Amino acid sequence: MTLQFNDETFREDYSFHNSERAIKRFPFPFDKDSYMYAVNMEQHRGGPSDSIYEKRFDVDEHYVSEMRDRAMVLADDPLRCQSLPHMTLAGWDLLELIMVSKSEDYPDLFELHRDGDKWHWVNKPLGIDDHFTFMDETTLPYGPMEYITRQTQGDFCVLDQRDDNLWMDAGTITTQADWSLDFDIGMNFFEWHAPVPLAHEKGIFVRALKFLLNIQQSAPARRLNWTMTVNPLLDTSPENYHKWGIQKTSLTPENIGAKQHLRVELQTFFRLPRSNALVFPIRCYLCAFQDLMTVPKWGRRLHRVIRDLPEELATYKGFIDNRPMMLDYLSKFDDGLPTSNGIWPEIDSEPPLKSD
Amino acid sequence: MSGAEKIAVRVTEVTPLNDLVTRFRFERLDGALLPTFSGGAHTVVEMKDGDVTRLNPYSLMSDPFDQTAYTISVRRDDEGRGGSLFLHNSVSVGDEMIISNPVNLFSLDLRAKKHLMIAGGIGITPSLAQIKQLDRAHGNWELHYACRSVALGSYVDYLTSTHPNDVNVYYDDQNQAIDLENLFSGQPLGTHVYVCGPKGMINWVRGKAAELGWPREAIHYEEFLAPQPGKPFEVKLAVSNKVIQVGEQESLLEAMERSGVDAPYLCRGGACGMCETRVIDYTGNFIHRDHWLDDEEHSSGEKIMPCVSRFEGKTLVLDR
C-alpha cells in the first residue's frame with residue numbers, strides 16, 4: 001500500500017488528523033478494562049500486517065509533517081538534541097541500525113548503498129540524497145545521531161551501559177510527554193525515573209532495569225506507554241509548558257471529542273553493537289477521542305480505564321482536573337457490554353454500541 | 001528459548017598456537033555478514049559431544065568491525081569437564097557449529113581518558129578485540145600481559161610488533177611480575193583498568209586498586225568460570241513439577257536443560273545473573289561458585305546460580 005503523507009501541523013491551527021487507516025492501526029494501549037503499571041515487555045519482532053508493530057521503525061502518514069515539526073523545535077532550542085562526547089560511536093550504531101532497517105523494510109521510500117565505508121543514503125519522502133563516509137563525522141551535516149533522528153519519527157534516548165546501570169548520555173527529544181533531556185542528561189535509570197509515582201514501591205524499576213541491561217543484539221524488545229494531551233501537540237516539553245499547559249483549560253463538553261487526544265508511546269529497545277549502548281526510541285501516536293470512539297471496543301474500555309485509574313496516576317499524567325469532563329463524554333460510549341481481551345480493535349466481532 | 005540469538009557457522013580455520021592454545025575461525029553458513037560487536041564481548045559455543053551438549057562462553061578476539069568472521073582462542077584444560085578438549089580434539093575445518101550472538105559483560109568505558117589493560121594467560125583474548133576497537137578510534141591504551149613462558153605467550157609477537165610502545169610482557173618462568181603499585185601510581189586521572197585472567201590475578205588487581213583508593217567503577221574485570229564436577233545430587237523443580245538428577249560431570253543448568261526445562265541463561269559462567277533461581281526449600285549445603293550473588297545472598301539459602309553452583313545434601317526445591 002503506497003503511503004500518502006499528510007500535510008498537517010502540530011501547533012497553532014492543529015491541522016493534524018488521522019485517516020481511517022491510521023485510526024485502525026492506532027496502538028490502543030489497554031489490553032483489559034483496567035490499568036496498572038507492569039513491566040509489560042515483549043519481543044519486538046514484527047506483528048500483524050500493517051500494524052505499528054510490523055516494522056522495526058514504523059513510518060506512517062505523519063512522517064513528513066512530524067519531521068518538519070522536529071526541525072522547528074530544534075531551531076528554537078538546540079538543547080533538545082545532545083550527545084556527550086563518549087556517545088558518538090553509539091550515534092553511528094544508531095544511524096546504521098535505522099538506515100539498514102528502513103531501507104530493508106521500506107525499499108520504495110529509502111535506499112542505502114554501501115561500498116566499504118563509503119555510504120549513499122536516499123530518503124525519498126524528505127528529498128535527501130547524501131554520500132558520506134561511515135564513522136567520519138566531517139562528512140555529515142550533523143553528528144550521526146542528530147542526522148538520522150531528524151529523519152526518523154519518535155524521540156530517541158541513547159543510553160550508555162556501565163556499572164550495572166543505564167545512563168541518559170545522548171538523545172533527540174522533541175515529542176516528549178513532559179520531560180526534558182537537558183534536565184536528565186547524564187542521569188542514571190533510577191534518577192530519571194524518580195518522579196514516577198507508585199512504580200518504585202512496586203519494585204517495577206528494579207525489574208525493568210534488570211530486563212533492559214540484558215537486552216541482547218538481534219533481540220529487541222517493546223512496550224506501550226500512554227498519557228493524555230489536549231490538542232495534537234508533539235512537543236509537550238517542560239521547556240514549553242507555558243505554551244501548552246494552559247491549553248488544558250480550554251476543554252469544553254462541546255470540543256472535548258476533537259481536542260482531547262490519547263497519546264500512546266511505542267517504546268522499543270535495541271542493543272547497539274559497536275558501543276554496547278542501548279537505544280530507546282519513544283514513538284508518539286496521537287488519536288482524538290472522537291476518532292477512538294469509532295471503535296466500539298475502545299469506547300467501552302477507555303471509559304472504564306479512565307474511571308477506575310488511581311488518583312496518583314491521573315495526577316501524574318496531568319489530567320486529574322479534566323477527568324470528570326472526560327468521563328461525561330466517554331460514558332456515552334460505554335453501554336456496559338463486556339469487551340474482549342487484547343488491544344486490537346476487533347471491529348468485525350465486537351458488537352456496535354447499544355443505543356438507549 | 002533461552003540465551004542470546006543463535007548463529008549457524010562453519011569452522012574455516014583451526015590454528016594451533018602453542019602446546020595449550022588453539023585458535024578457531026567461524027564464518028556464517030549462509031554466507032551473510034556477522035553482526036559487529038564491541039570489544040570485550042563473548043560468544044557461547046554449542047558443542048555436541050555424543051549425548052552431551054555443552055555451551056561454553058569464549059571471548060571474541062577478532063576485530064569487532066570485521067563482519068566476515070569471528071575468532072576465538074581456546075586453552076586446553078585437561079582437568080575440566082571436556083569443553084575445551086572437545087574443541088581441541090574433535091573440531092576441524094569444515095565442521096558446522098552453532099554460536100550465539102555477541103554478548104558483552106566486559107565493555108570498555110568509553111568515557112575513560114586512558115584504558116589500562118591487564119591480562120593473564122588466555123585472558124589476553126578480550127584485550128585483542130578491545131585494542132582493535134580502540135586503535136580505530138585513536139584511543140589511549142596500554143597493555144600489561146603476564147604469561148607463563150615464552151613458549152606459551154599467545155599473541156606476544158603480534159602485539160609487540162604492532163604496538164611496541166604500548167605492550168609490556170612479563171614471563172613467570174623468568175620471575176618477571178607486574179609492578180602493580182608503581183603502575184597504578186603513574187596513571188592519569190580518568191584511567192580505567194580492565195583485568196582478565198585467573199581468579200588470583202583479578203583479586204590481586206582489585207585489592208590493590210581498592211587499597212590505593214581507586215574508584216570501584218574504574219576497575220573492570222571478567223572471569224568466566226567453568227562449571228566444576230562434583231557429587232551427584234537430586235533437585236525438585238516446583239514449577240515444572242519434575243525431580244531431576246544432576247550428574248557428576250554436568251551442571252545444574254545443564255541437567256535442567258537435559259530434562260526439557262527451558263531455564264534462562266546468558267553467560268553460563270556465573271557472571272551475568274540471568275539464571276538466578278529462587279530456592280523454595282533445602283536441607284544441606286550450597287556450593288556457590290558464581291560472581292553474581294553477594295556473600296549475604298550466598299549464605300541466605302534463598303538463591304542459587306545453576307550455571308556454576310552445586311548442592312550437597314538431602315533436599316533441594318527450586319522455583320523453576
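Q: Before we start, what should I know about the model and its labels?
A: It is a predicted model, where local features need pLDDT of at least 70, side-chain atom pairs count only at pLDDT 80 or more, and totals for chains, interfaces and linings use all residues. Residues are numbered from 1 along each chain as its sequence is written, while chains are lettered from A and ligands numbered from 1 in the order in which they are written.

Q: Which domains is chain B divided into?
A: Domain bounds come from an automatic or database domain assignment. In chain B that gives domain 1 (6–104), domain 2 (114–222) and domain 3 (233–318).

Q: How far apart are the C-alpha centres of domain 1 and domain 2 of chain B?
A: They lie 24 Å apart. The contact takes 18 residues from domain 1 of chain B and twelve residues from domain 2 of chain B; two residues are in contact if their C-beta atoms, placed from the backbone, lie within 7 Å. On the domain 1 side, strand β5 (residues 70–75) of chain B gives the most, with three residues. Sorted by class, that side of domain 1 of chain B has eight nonpolar, seven polar and three charged residues. Here Ala, Val, Leu, Ile, Met, Phe, Trp, Tyr, Cys and Pro count as nonpolar, Asp, Glu, Lys and Arg as charged, and the others, Gly among them, as polar.

Q: In what order do the strands β8 to β12 of chain B stand in their sheet?
A: First the general idea: strands of a sheet pair through backbone hydrogen bonds, either parallel or antiparallel. Strands (E, at least two residues) and helices (H or I, at least four) are DSSP runs, numbered from the N terminus, and two strands pair if DSSP finds at least two bridges between them. In chain B, five strands form an open sheet in the order β10-β9-β8-β11-β12, with parallel pairing. β10 (167–171) and β12 (219–222) of chain B each have a single partner strand, so one side of each is left without a neighbour in the sheet. From one strand to the next, the twist averages 15 degrees.

Q: How many bridges join β8 to β9 in chain B?
A: Six bridges join strand β8 (residues 114–120) of chain B to strand β9 (residues 141–147) of chain B. To spot one, find A119(B): its bridge partner in β9(B) is Y145(B).

Q: Which strands of that sheet does helix α5 of chain B lie across?
A: Helix α5 (residues 199–211) of chain B lies across β8, β11 (191–196) and β12 of chain B, at about 155 degrees to β11(B). Axes are lines fitted to C-alpha atoms, for helices over the stretch in contact, and angles run from 0 to 180 degrees between N-to-C directions.

Q: What does a sheet with mixed pairing look like in chain B?
A: Look for the open sheet of five strands in the order β14-β13-β17-β15-β16 (chain B). Its edge strands, β14 (242–246) and β16 (303–304) of chain B, each pair on one side only. Strand β15 (residues 277–287) of chain B runs antiparallel to β16(B), joined by two bridges, and T277(B) stands opposite I304(B).

Q: Which residues have the most contacts inside the largest nonpolar core?
A: A nonpolar core is a set of buried Ala, Val, Leu, Ile, Met, Phe, Trp, Tyr and Cys residues joined through C-beta atoms within 7 Å. The largest one has 76 residues, and L143(B) and V195(B) have the most contacts inside it. Leaving aside neighbours within four places in sequence, V195(B) is in contact with I118(B), M201(B), I202(B), V205(B) and Y221(B). Apart from that core lies another, of 35 residues, among them L166(A) and F270(A).

Q: Is S92(B) buried or exposed?
A: A residue is buried if 20 or more other C-beta atoms, placed from the backbone, lie within 10 Å of its own, exposed if 12 or fewer, and partly exposed in between. S92(B) is exposed, because it has 9 other C-beta atoms within 10 Å. You'll find S92(B) in the loop between α1 (83–90) and β6 of chain B. S92(B) and T12(B) are 80 residues apart in sequence and 8.4 Å apart in space, C-alpha to C-alpha.
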